[in-house]
Structure formats: structure tokens, C-alpha cells
Amino acid sequence: MADKITLHTTDLPLVLNRKFYDDLVENFSAIEEELNDLVSRVGDKKSQASLEQKISSLENRINRIQVSGIDQVALENAVETVLKRKGVI
């Protein structure tokens, strides 16, 4: 993918001729290529929904940590690990 997309804008001819047509086709081809690249990087709707769910979960966890000062999930995982090592669970 190119770092910067350059489309024909102010250099489009004022008359509707072959050059105008070719410039428009070039613009739409560049836009189509970039959109397809974006879709492939973002993924399908199911992947996007899963990502949004994970982000929401992390935001909620961060909010709980800010309110209580304790990362409940990390604390529970640590306690569970210790209890498993000691053979309690």
C-alpha cells in the first residue's frame, strides 16, 4: 500500500473528453484499491464485533480499576494460580 494517495482534483479537464474519463477511472481505481486494503486489514463484521466486544470488556475493566484501585481479574487469577500450586484447588 502506498503511503499517500494522490487523486486527480484540480487538474481534471474542464471538458468531458477521454482524458477526463481516464482521470476519473484512475481515481476510482485508487479509491477501490485502498478500500479493499482497508477491509482486508479490518476484517469481516464478525471479527469487528468480536474486537469491539474485547475493547468494551477492557474499558470496563479499566473503569473498575480506576474506581477501586484493584485489578479484580488479575487478583483472582493470581490467587487461583497460587491455590493450584498449593494443591488446594
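Asp-22 and Arg-18 join their side chains in a salt bridge, with 3.3 Å from N to O; the term covers a side-chain nitrogen of Lys or Arg within 4 Å of a carboxyl oxygen of Asp or Glu. The model is predicted, so local features need pLDDT of at least 70 and side-chain atom pairs count only at pLDDT 80 or more, while totals for chains, interfaces and linings use all residues. Residues are numbered from 1 along each chain as its sequence is written, and side-chain values use heavy atoms, with hydrogens and water left out.

Both Asp-22 and Arg-18 belong to helix α1 (residues 18–42), where they sit four residues apart, about one turn of the helix. Helices here are DSSP runs of H or I with at least four residues, strands are runs of E with at least two, and both are numbered from the N terminus. Asp-22 is partly exposed at 35% relative accessible area, whereas Arg-18 is exposed at 58%. For these words, buried means under 20% relative accessible area, exposed over 50%, and partly exposed in between (1.4 Å probe, protein chains only).

Searching the whole structure gives four salt bridges. Three of these pairs are set out here:

| Pair | N to O distance |
|---|---|
| Asp-22 and Arg-18 | 3.3 Å |
| Arg-61 and Asp-71 | 2.8 Å |
| Lys-84 and Glu-80 | 3.0 Å |

Arg-61 lies in helix α2 (residues 45–68) and Asp-71 in the loop between α2 and α3 (72–85), so this pair ties together parts that are ten residues apart in sequence. Arg-61 is partly exposed, at 25% relative accessible area, and Asp-71 is partly exposed too, at 23%. In helix α3, Lys-84 and Glu-80 are about one helical turn from each other because they are four residues apart. Glu-80 is partly exposed, with 35% relative accessibility.

Now to the nonpolar surface. Ile-5, Leu-7, Phe-28, Ile-31, Leu-35, Leu-38 and Val-42 make up a nonpolar patch with about 600 Å² of accessible area together. Patches take residues with over 30% relative accessible area and no salt bridge, joining like charges within 9 Å and nonpolar side chains (Val, Leu, Ile, Met, Phe, Trp, Tyr) within 5 Å. The areas come from the Shrake-Rupley method with a 1.4 Å probe, and for residues only the protein chains shown count as cover. Leu-35, one of the patch residues, is found in helix α1 and is partly exposed at 47%.

Arg-41 is also in helix α1 and counts as exposed, at 55% relative accessibility. Its C-alpha atom is 32 Å from that of Phe-20, 21 residues away along the chain.
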